[in-house]
Amino acid sequence: MALYAAAAAVLAGVENRQGSIKALVYGSSFQNVKPLYALVCETQRYAAVLDAVIARAGLLRAEKKLRPHLARVLVYELLLGKGFRGAGGRWKPLLSRHQARLKAELARLKVRQGVSRNEDLLEVGSRPGPVSQVPRFVRVNTLKTCCGDAIDYFKRQGFSYQGQASSLEDLRALKGKHFLLDPLLPELLVFPAQTDLHEHPLYLAGHLILQDKASCLPATLLAPPPGSHVIDACAAPGNKTSHLAALLKNQGKIFAFDLDAKRLASMATLLARAGVSCCELAEIDFLTVSPTDQRYDRVQYILLDPSCSGSGMLSRPLEEQGSGTPSQERLRALAGFQQRALCHALSFPFLRRLVYSTCSLCQEENEDVVRDALQQNPGFRLAPVLPSWPHRGLSTFPGAEHCLRASPETTLTGGFFVAVFERAEVPSSASQAEALAPELAPGPAPKRKRRRQKATVQAAGAVVEATCGK
Ligand SMILES: C[S@@+](CC[C@H](N)C(=O)[O-])C[C@H]1O[C@@H](n2cnc3c(N)ncnc32)[C@H](O)[C@@H]1O
């Protein structure tokens with residue numbers, strides 16, 4: 001029997017619990033057991049990676065006669081092993097028809113998982129369930145409460161507060177009813193992974209927002225001061241909008257746009273629950289919003305979190321990504337839109353700072369979009385943000401290290417990408433607009449604030465209803 005067929009037979013035997021690799025190799029009729037043993041062990045080690053690559057490349061669909069175990073062995077040899085040995089003669093022409101696709105899928109897998117070497121892929125794959133280890137992050141909604149009060153509430157409920165974490169390791173070690181304050185982002189509480197707070201009274205009352213840490217980065221990094229005018233270009237369902245409103249302390253204005261009427265309707269509910277009163281919702285294509293419209297004369301901050309492939313979303317575990325990987329065609333279409341939306345946003349004349357984010361791990365939707373936008377908008381540069389953030393943009397262009405990536409393995413969050421653009425020189429009219437900005441009013445008394453909030457949210461809801469009715 002040829003080496004590859006023998007290796008496939010051993011792998012099948014192991015899977016069918018006929019014995020260990022060693023027992024099956026040494027019990028086989030194959031003459032040269034040493035290379036057989038090594039090949040089977042290596043193929044088995046990379047099984048998850050190989051299966052993902054084979055599935056994405058559609059190898060078994062295209063080659064109906066090729067059995068899965070043999071496919072694994074052959075693809076191991078082709079991509080990770082020594083290349084075909086003499087025994088590969090028969091399979092060479094078959095595999096070479098798929099070689100380019102298989103190699104491309106391996107490269108994409110590495111990009112998605114943010115690694116550069118084959119061995120690193122292995123390490124990622126062999127860690128126990130990274131997705132299930134992502135903690136439950138809870139943003140305290142400072143429009144309705146403060147961190148201290150939220151912490152006290154949990155303590156009264158029998159949770160044990162451990163103070164501010166000093167590293168990701170502290171988050172990884174969380175267990176039982178312990179909770180922490182995030183080491184980096186303010187007002188972010190961290191609970192063990194399986195904590196379910198969907199029925200918690202503070203969540204139901206809008207005092208807490210269940211929001212992944214990575215998704216808190218965009219508003220935190222945009223950091224509009226209270227009183228600013230901000231555009232949230234693709235806003236629904238609105239977690240980042242409510243975060244922006246909290247940073248603004250409801251002072252100033254958020255113009256929140258989205259195309260999707262249903263998502264806007266649930267956004268209006270979410271914003272009302274969160275006590276947001278500084279937001280105007282509009283059902284509109286952001287690409288049709290005129291940057292020179294006088295309404296946006298004071299807009300210096302834009303958050304752009306456009307539709308994306310969602311390849312980093314936690315609901316799509318790494319193990320299943322093979323089935324949910326966006327096709328090249330879909331990626332091209334998404335990246336085209338993202339590119340147009342980003343350049344459109346950068347054309348707002350008084351813009352100072354913009355955050356671009358996606359929950360995708362694909363380079364096409366992230367670094368490539370950012371690189372092209374920088375080339376087309378030389379007046380902007382990337383701001384060097386969060387130097388201690390461990391996972392940076394893929395080094396596909398100079399300065400890409402200023403971008404942030406996130407993943408369950410590296411940051412204990414969902415897969416995410418963020419780039420912060422800042423204008424190299426602030427246009428003089430923007431400084432004028434800033435100088436003309438009215439003095440920030442001191443915070444209104446609680447009772448009055450509640451009444452005003454209600455009225456404004458109703459108004460925001462009315463905008464949605466009016467536009468949804470079209
Ligand atoms: C990733 S989601 C935004 C999530 C949101 N930022 C949040 O944190 O809740 C992308 C949103 O963009 C909207 N969208 C897609 N194309 C758009 C366009 N041309 N103009 C405005 N919104 C658009 C989609 O309807 C979707 O709700």
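User: What distance separates a backbone N or O atom of C234 from a nitrogen atom of the ligand?

Analyst: The distance is 3.2 Å. The model is predicted: local features need pLDDT of at least 70 and side-chain atom pairs need pLDDT 80 or more, while totals for chains, interfaces and linings use all residues. Residues are numbered from 1 along each chain as its sequence is written, and side-chain values use heavy atoms, with hydrogens and water left out.

User: Which residues come nearest to the ligand?

Analyst: K240, D258, R263, D285 and D305 do, out of 19 residues around the ligand; a residue is near if one of its heavy atoms lies within 4 Å.

User: How do you know that the bond between A236 and P237 is cis, and where does P237 lie?

Analyst: Omega of the peptide bond joining A236 and P237 is about 10°, and the bond is cis. P237 lies in the loop between β6 (229-232) and α13. A polar backbone atom of P237 is 3.3 Å from an oxygen atom of the ligand.

User: Why is N250 called buried?

Analyst: Its relative accessibility is 11%. Buried means under 20%, exposed over 50%, and partly exposed in between (1.4 Å probe, protein chains only), so N250 counts as buried. N250 lies in the loop between α13 (239-248) and β7 (253-258). The side chain of N250 reaches the backbone oxygen of G275 at 2.9 Å.

User: Is E187 buried, partly exposed or exposed, and why?

Analyst: E187 has 33% relative accessibility, so E187 counts as partly exposed. E187 lies in the loop between β3 (178-181) and β4 (188-191). Phi of E187 is positive, about 55°, although E187 is not a glycine.

User: What is the value of phi at L412, and where does L412 lie?

Analyst: Phi of L412 is near 60°, a positive value in a residue other than glycine. L412 lies in the loop between α18 (408-411) and β13 (416-423).

User: Why is L412 placed in its accessibility class?

Analyst: L412 has a relative accessible area of 1%, so L412 is buried.

Conventions. A polar contact is a pair of N or O atoms within 3.5 Å; within protein, one must be able to donate a hydrogen and the other to accept it, and residues adjacent in sequence count only if both atoms are side-chain atoms. Helices (H or I, at least four residues) and strands (E, at least two) are DSSP runs, numbered from the N terminus.
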